[in-house]
Amino acid sequence: MNAGQKRMRIAVLWVAAAVTYSFGMLMYLLVLPDALEEALAGEMEGMALDGFAGYWMATAVFLLMVMAILTLLVDSRATRWANVGVGLFYGAFTAFEMVGQLADGGFSAAVLLYMMLAGIVFLIAGLSFAELRTPTPQPTAAAPEAMEHREKTPA
């Protein structure tokens, strides 16, 4: 598999993570008891739902989409390390949220989506780390006969 195909697969996983995260937020409101009423009242889990909360949720999904675009457009070690770092961050954050929801309300559809999200972002981190560990092929010098032939042919 070439590098472009690997980058495409990781970018698709980032998009899948963004969609799963968005549906997880929606499921949180729909299936957890009193979550929708709290949100409509302007407060959720003791936190005011103001502009900051909206920007926080939008930024969480926006960063996942930026990672998808970055993975597609920039082929470098820095991008791979960013995939590892952001994947581990989202995986740890999602696992923390999932444990909190399990402790509060038990298993629900939102927890299932958070499990899927954690699996996707940990997979991204693992694939990117594995790609970092594979040696990059070194370009080989052209044979001297080919160089001579290229120089002799008219342009």
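Biologist: Welcome to this predicted model! Let us start with Phe-89: why is Phe-89 counted as exposed?

Modeller: Its relative accessibility is 52%, and exposed means over 50%, so Phe-89 counts as exposed.

Biologist: What makes Tyr-90 buried?

Modeller: Tyr-90 has a relative accessible area of 4%. The cut-off for buried is under 20%, so Tyr-90 is buried.

Biologist: Now to the rings. Why is the pair of Tyr-21 and Tyr-90 called edge-to-face?

Modeller: The ring centres are 6.2 Å apart, and a pair needs centres within 6.5 Å. The planes stand at 85 degrees, and over 60 counts as edge-to-face, so that is the name this pair gets. Tyr-21 sits in helix α1 and Tyr-90 in helix α4, 69 residues apart, so the pair links distant parts of the chain. Tyr-21 and Tyr-90 are both buried.

Biologist: What makes Phe-89 and Tyr-90 an edge-to-face pair?

Modeller: Here the distance is 5.8 Å centre to centre, with 90 degrees between the planes. Tyr-21, Phe-89, Tyr-90 and Phe-93 form one aromatic cluster, and the whole structure has four aromatic pairs.

Biologist: On to charges. How do you know that Arg-7 and Asp-75 meet in a salt bridge?

Modeller: The N to O distance is 3.5 Å, and the rule asks for within 4 Å, so the pair qualifies. Arg-7 lies in helix α1 and Asp-75 in the loop between α3 and α4, so this pair ties together parts 68 residues apart in sequence.

Biologist: Why is Asp-75 called partly exposed?

Modeller: Its relative accessibility is 41%, which falls between the cut-offs of 20% and 50%, so Asp-75 counts as partly exposed.

Biologist: Which salt bridges does Arg-80 form?

Modeller: Arg-80 pairs with Asp-75, the closest N and O atoms being 2.6 Å apart, and with Glu-131, at 2.9 Å. Arg-80 is in helix α4 and Glu-131 in helix α5, 51 residues apart. At 15% relative accessibility, under the 20% cut-off, Arg-80 counts as buried, and Glu-131 is buried too. Arg-7, Asp-75, Arg-80 and Glu-131 are linked in a network of salt bridges, and the count of salt bridges comes to three.

Biologist: Finally, how do you know that the length of helix α1 agrees with its residue count?

Modeller: At 1.5 Å a residue, its 29 residues should span 42 Å. The end C-alpha atoms are 41 Å apart, which agrees.

How values were computed
Residues numbered from 1 in each chain as written. Predicted model: local features only at pLDDT ≥ 70, side-chain atom pairs only at ≥ 80, totals over all residues. Heavy atoms only, no water. Helix = DSSP H or I, 4+ residues; strand = E, 2+ residues; numbered from the N terminus. Expected span 1.5 Å × (residues − 1). Salt bridge = Lys/Arg side-chain N within 4 Å of Asp/Glu carboxyl O. Buried < 20%, exposed > 50% of the residue type's maximum accessible area, 1.4 Å probe, protein only. Phe/Tyr/Trp six-rings, centres within 6.5 Å; stacked < 30°, edge-to-face > 60°.
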